[in-house]
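Dear colleague,

Please find below the structure that I am handing over to you. My notes on what was found in it follow.

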Amino acid sequence: MIIAIASGKGGTGKTTISASLAKASSGPITLLDCDVEEPNAALFFGNEPVSTEDFHVDVPLINTDSCTGCGKCRDICRFNAIVIIKGKASVFPELCHSCGGCTLVCPEKAITEEPSKTGEITVSVHGNVRLMSGLLDIGKAMSPPLIRELKRMASDAETVIIDSPPGTSCPMVTSVEDADYIVLVTEPTPFGLNDLKLAVETVRKLCTPFGVVINRSDSGDESVREYCASEIIPLLLEVPEDRAVAEAYSRGIILSDVNSKYRVMIEGLLKSIRREVQEAAR
């Protein structure tokens, strides 16, 4: 089972919910920190990696002596990463998605691929939780390949929790697209509601069952609850604004470890998600 935790905006408590669900699980579980531009799940588990490995993607390299400027490589590239300048192909590596299409269609075999380091993947184990985090190198703009590699490495796990990047762009979609269930974390504010609507539109296009968690639930207004009711969206959990939670968070203590009340709350959320997945599978 794959559970993805997402949000339309940052700062809603997405990582708090992800890490808490992982810690509340009674069996082996894999937590993927797919927010590869600023991963922070390790702050709640300790920073003692079992292994760290570099991640590379293949980037086209043009042999200008052999290139005739026919433009077939440019035409097949959906991301405009190749242009023809003065009769020769030229590559913009930051736009390349490493699909390999240009190499296949070049009639002169003028294109080869060379590995380019774009980030690293760290693995650590904490009790029954295996934490896998990706970190994109500074200056690199293409995070989906690193996210896909994280998910591939976790394909052997029975239960996976994905802490996805915020927003609704390609990194978020790449993180959640294979999930069995998506939890959208929001807050009861006008900004929270606006970005929740964007996230709902996105996950509905993926046809994946989803529900909503409201964090700091007693700090705003009723608009998020009213929206969920009008759209028939399951409201899975409401986490109140609690000074004890904020103080614990500042010390790196996750929600489910604050006290028994919150542990029962998170365990109930995990049960609710599993029930929703079972009902969707019928």
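A contact here means heavy atoms within 4.5 Å. On that basis, 71% of the contacts in the protein chain with a separation of 6 or more are between residues 24 or more positions apart. Please note that this is a predicted model, in which local features need pLDDT of at least 70, side-chain atom pairs count only at pLDDT 80 or more, and totals for chains, interfaces and linings use all residues. Residues are numbered from 1 along each chain as its sequence is written, and side-chain values use heavy atoms, with hydrogens and water left out.

The protein chain has 282 residues, of which 48% are buried (under 20% relative accessible area, with a 1.4 Å probe and protein chains only). Its C-alpha trace spans about 70 × 45 × 35 Å along the principal axes. Nine helices and eleven strands form its secondary structure, taken as DSSP runs (H or I, at least four residues, for helices; E, at least two, for strands) and numbered from the N terminus.

Helix α6 (residues 190-206) packs with helix α7 (residues 223-230) at an angle of about 25 degrees, and their axes lie 10 Å apart. The two helices are therefore roughly parallel, a term for angles under 35 degrees. On the α6 side the contact is made by L193, L196, K197 and V200, and on the α7 side by S223, V224, Y227 and C228. By class, this contact has six nonpolar residues, one polar and one charged.

Yours sincerely

Notes. Axes fitted to C-alpha atoms, helices over the stretch in contact; angles between N-to-C directions. Parallel < 35°, antiparallel > 145°, perpendicular 65-115°, else oblique. Nonpolar A, V, L, I, M, F, W, Y, C, P; charged D, E, K, R; others polar. Buried < 20%, exposed > 50% of the residue type's maximum accessible area, 1.4 Å probe, protein only.
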